[in-house]
Amino acid sequence: MDEMDAVRRLWAETPEGSAGHLATSRALLERAYTVNQEERDRRVRGPRRILGGWVPKGLAVVAAAAVTVLAVQVIVPGAAPPASARELLARAADAAEDQGELRPGPGQYLHVSSVAMQNLMVGPRDGAGTRQVILTVAEDRWEPAAPGRPWLVREERKSAAPAPGSGPVPSGPWDTGVEDSYYESSCDRAPGDELSYLRLGDWPTDVAALRARIEKVAAKQSGPENLRLWSTISGLIEKSAARPDLAAPLFEVASSLKGIRLFPDVTDAAGRPGLAVGMDESEYLRSELVFDKETYRYLGTRYVTTADRTQTPGGHTFVVPKGTVTGTALLGVELVDAMPEPAPDASRLKIPC
C-alpha cells in the first residue's frame, strides 16, 4: 500500500466534524490571526472584514486546511474555551449561521417550548411565615405566523425548591397543575410590541441597520444607554431561535457593548451546563445569555441576584438573597399546522390592536 492509499483510507474512516467543532475551529483561527496583527499586515496585503476582526484574504485556505486536520484528530469536548465575552459571541454567531431557517406558511403556528425558573413568595396574606421558593414551570407557546388568529400559552408547574437561605417549601396547589391562557385578536397586523415573535421578520440583518433599529427601540426605555441596548438585544435574542439569520448579527451588535463579561461555568433553567455573557443591570442584579459549551447554540437567559435585594410586594417587605437565580431555557422551536384546543377553564384575553 502506498502513502496516498493510506491517506485515502484514513480520510474515509474519519467522521465529519460537527457544527460545534467547526465553530470552535473558526474561533480558534480568529484568535490566532489577531495575536500578531503587525506581523500579518507586513507579510499579507489586502485584509477583509469578518466578525470579530480583520483577517487576511488567505484565511479561507488556511481554515480549510485546519478543519481537515481537526477532522482527522479526536476533538475533546470543552477544549480551548473562549477567552472573552466577545469571542464567545463570535462562536455563537457562527453556530447561528449554521442553523436552518423556519419559513412558516400563513396558516401555520410557531410552537416554542421552554422552561422557566421563577422566584415566588408563598405564605398568608399578612406576610407572616412567608417563604421564598424557586418554581420551575414548563411553557409551550403557539403563536400564529399571520396576524388576526388566536394563540395559546400553556404553563405546567413542575417543581418547587427553597430559594437560597429560605426554609422548607410549604406544599399547596400553587406548585403543581397546568394553566392555559388563550389570546384572541382581530388585528389585521402584528401586535405593536416590536420584540414579539410575529415582528421578527421586520428586523434587518445588516449589522449597521440592525444596530440603528435597536437604538431606536432602546431610546423608548429608561436608564443608561448601554443597559437599554443590552435589554433590547437580549429580548430579541430570546426570540431569535425562530430566525437564526437575525441571531448572528444580534450577537455581533451585542459584542460591541461595554460592560459585558464572560462566565465560563453556568447552568441554565433546564439544568444544562453552559457558558454565558452577562452585564450588571444594577448593584443587585446581573442578566446573562447562556450558550452550549460545545456547539455555542443559544440556550436561554439567566438573572442572578448578586447582592441581597429588598422588595415590597403587596406592602410586605422581603429580601431576595444573594445567589438567587431565575431565568428561561429554550428547549425547541418548530412549525405546526394548528395549535391544540385550550382547556375548558383557560383564561381568555383580548389583544388590543
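**A helix pair and a sheet**

Guide: Helices H6 and H7 cross in a right-handed sense. The model is a predicted one. In general, a packed pair of helices is described by two quantities, the angle between the axes and the distance between them. Here H6 covers residues 207-218 and H7 covers residues 225-239; the angle is about 110° and the axes are 9 Å apart. Angles of 65 to 115 degrees count as roughly perpendicular, and H6 and H7 are therefore roughly perpendicular to each other.

The residues that meet can be listed helix by helix. H6 contributes Arg211, Ile214, Glu215, Val217 and Ala218, while H7 contributes Arg228, Leu229, Thr232, Ile233 and Leu236. Sorted by class, this contact of H6 with H7 holds six nonpolar residues, three charged and one polar.

Now to the sheet. Ten strands form an open sheet with mixed pairing, in the order S7-S8-S9-S10-S13-S3-S4-S5-S6-S14. Its edges are S7 (261-267) and S14 (347-350), each of which pairs on one side only. From one strand to the next, the twist averages 25°.

Within the sheet, S3 (residues 109-122) and S13 (residues 325-336) are paired in the antiparallel sense, over nine bridges. Opposite methionine 117 stands glycine 327 of S13.

A further helix, H5 (residues 85-97), lies across S7, S8 (273-280) and S9 (285-292). H5 runs at about 125° to S8.

Terms used:
Residues numbered from 1 in each chain as written. Predicted model: local features only at pLDDT ≥ 70, side-chain atom pairs only at ≥ 80, totals over all residues. Heavy atoms only, no water. Axes fitted to C-alpha atoms, helices over the stretch in contact; angles between N-to-C directions. Helix = DSSP H or I, 4+ residues; strand = E, 2+ residues; numbered from the N terminus. Parallel < 35°, antiparallel > 145°, perpendicular 65-115°, else oblique. Left-handed = near helix turned anticlockwise from the far one by under 90°. Contact = heavy atoms within 4.5 Å. Nonpolar A, V, L, I, M, F, W, Y, C, P; charged D, E, K, R; others polar. Pairing = 2+ DSSP bridges.
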